[in-house]
Amino acid sequence: MTPASDHLWMARALRLAEKGRYTTDPNPRVGCVLVKDGRVVGEGWHRRAGGPHAEIEALKMAGEAARGADCYVTLEPCCHHGRTPPCTEALIKAGISRVVAAMADPNPRVAGGGLKRLQADGIEAVCGVLETEAEALNRGFVSRHRRGRPWVTAKLAASLDGRTALASGESKWITSPQARADVHRLRAGSSAVLTGIGTVLADNPRLDARLGDTDVVQPLRVVVDSRLRMPPTARMLDLPGRTLIACCHPDPARRAALEAAGAEIWVAPIREGRVDLAALLEELARREVNEVLVEAGSTLNGALAAAGLVDEWVIYLAPCLLGDEGRGLFHLPGIGKMADRIGLRFVETRRIGPDLRIKVQPR
């Protein structure tokens, strides 16, 4: 049984961790609170990969007051040399008396080793306080280490009758400015934004995150383009950050032109004549991509859904009707009877301006 106050201080540490939502990638979002005699003597959060970890920020603030304090941290302290030295050694040196972690680190380089290192030095170390909340905050980091692929969220915008565009392809704008601003927050919290070549050719999107003055690590832009039809003049290639094109049949001249324009070409394994989407996600995990946001048309959305590769859908429904000729959300051939349907469960429903935002996950 953990003290009731543990939950209070861990909740504070989680709020601190949230401050790094747009900046820590590919590292996890972590917060830390140091408490002594019932009051906070130090706190901090991880701000950016390569910078001090949350524990180090908190220790710096506490100074000598850290000796004898309890440490509340949302992720097990690291015990290995990465971009920065091990946090376990800093906690031991500072004289911390007790460490409470929300969750164990899924990184196999740590995976319980941090807690064991602290215990070996006589420091009480417990784990599991507000664990569900901590895992939700870092679900992409957890997915990458436990499943070998990122957490995948597919964003869709549609009319009330489920249409994403008119028959002509016109789709600007179905949803409100408030919904579009919310999408930029989704992009900013993602490691990569994934789209298909059809969307690039039709809309020429930027796929960057625009949050005003908010500090953001721009997501990797990924285009599924089996036949390498991507134009070197695409707008996204003129923006800061990286663009990765996954293809199957790289024409040498087209490849050279795209690489000259700043794109990186990845030749993917082939599945049924197209880019193997599961292999693409595994490749993104190898590149330390934690969370992928899909912004694509019905073909790619249908293929990802049929393959069981989407962890959550975020659907913005606008209060309008586009009619029978409009384009649908998913291209899903082969569902001939109710037994073949793809079952989903509602996770959250809320208003975003005049629109409705619905989150669903596989049942």
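Trainee: Which residues of helix α6 are buried?

Mentor: As a general idea, an α-helix has 3.6 residues a turn, so residues three or four places apart point the same way. In this predicted model, helix α6 spans residues 139-147, and its buried residues are Gly140, Phe141, Val142, Ser143 and Arg144.

Trainee: What covers the buried residues of α6?

Mentor: The cover includes β6 (151-159), α10 (277-286) and β14 (291-294). After α6 comes Gly148, which has a positive phi, near 75 degrees.

Trainee: In what order do the five strands of the open sheet stand?

Mentor: In general, strands of a sheet pair through backbone hydrogen bonds, either parallel or antiparallel. Here the order is β2-β1-β3-β4-β5, and the pairing is mixed. The edges are held by β2 (39-45) and β5 (124-127), each with a single partner strand, so one side of each is left without a neighbour in the sheet. From one strand to the next, the twist averages 15 degrees.

Trainee: How many bridges join strand β1 and strand β3, and in which sense do they pair?

Mentor: Strand β1 (residues 31-36) and strand β3 (residues 70-73) are joined over four bridges in the antiparallel sense. Within this pairing, Cys32 stands opposite Val73 in β3.

Trainee: Which strands does helix α1 lie across, and which does helix α4 lie across?

Mentor: Helix α1 (residues 4-18) lies across β1, β2, β3 and β4 (98-101), and runs at about 145 degrees to β1. Helix α4 (residues 113-120), for its part, lies across β4 and β5, running at about 155 degrees to β5.

Technical notes: Residues are numbered from 1 along each chain as its sequence is written. This is a predicted model: local features need pLDDT of at least 70, side-chain atom pairs count only at pLDDT 80 or more; totals for chains, interfaces and linings use all residues. Side-chain values use heavy atoms; hydrogens and water are left out. Buried means under 20% relative accessible area, exposed over 50%, partly exposed in between (1.4 Å probe, protein chains only). Helices (H or I, at least four residues) and strands (E, at least two) are DSSP runs, numbered from the N terminus. Contact means heavy atoms within 4.5 Å. Two strands pair if DSSP finds at least two bridges between them. Axes are lines fitted to C-alpha atoms, for helices over the stretch in contact, and angles run from 0 to 180 degrees between N-to-C directions.
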